[in-house]
Amino acid sequence: MEIRIQAINFDASEQLEAFIQKKVTKLQKFFDEILSAEVNLKVIKPESAKNKKAGIRLNIKHGECFAEKESDTFEESIDECIQALEKQLAKTKEKIRTK
């Protein structure tokens, strides 16, 4: 699976990129047919709380899944996105199984 990470208006650290790679790769346990993943990271209004936005779009064999969350840290945002995507992938897998 190809994972593209795009940091908007800042440079993502290698540590953050490694964290994202690890988390997104784990999604393959839930659904085998993930083709690629696009991760967008953005800082919103630097002085406010919950200003780190992360969005993850998964291109899968039968369409796509998307989750976007805002938190105090990118790691929190990524974790929340991963949880949402796990649910979406489970639903997609169930739909495919019932067809």
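Helices (H or I, at least four residues) and strands (E, at least two) are DSSP runs, numbered from the N terminus. The model described here is predicted, so local features need pLDDT of at least 70, side-chain atom pairs count only at pLDDT 80 or more, and totals for chains, interfaces and linings use all residues. Residues are numbered from 1 along each chain as its sequence is written, and side-chain values use heavy atoms, without hydrogens and water.

The protein has two helices and four strands. Their order from the N terminus is β-α-β-β-β-α. The radius of gyration, taken over C-alpha atoms, is 14 Å, close to the 13 Å that the globule rule gives for 99 residues, so the protein is as compact as a globular protein of that length. That rule is 2.2 Å times the number of residues to the power 0.38. Along its principal axes, the C-alpha trace spans about 50 × 25 × 15 Å.

Patches join like charges within 9 Å, from residues with over 30% relative accessible area and no salt bridge. A salt bridge is a side-chain nitrogen of Lys or Arg within 4 Å of a carboxyl oxygen of Asp or Glu.

The positive patch gathers Lys69, Lys87, Lys91, Lys95 and Lys99. Helix α2 (residues 74–98) gives the largest share, three residues. Lys87 lies in this helix. Its relative accessible area is 61%, so Lys87 is exposed (over 50%; buried is under 20%, partly exposed in between, with a 1.4 Å probe and protein chains only).

Asp72, Glu75, Glu76 and Glu80 form the negative patch. Asp72 sits in the loop between β4 (63–71) and α2. At 42% relative accessibility, Asp72 is partly exposed.

Notes. Patches are made of residues with over 30% relative accessible area and no salt bridge: like charges are joined within 9 Å, nonpolar side chains (Val, Leu, Ile, Met, Phe, Trp, Tyr) within 5 Å. Accessible areas come from the Shrake-Rupley method with a 1.4 Å probe; for residues, only the protein chains shown count as cover. Lys and Arg count as positive and Asp and Glu as negative; His and the chain ends are not counted. The place of a charge is taken as NZ of Lys, CZ of Arg, CG of Asp or CD of Glu.
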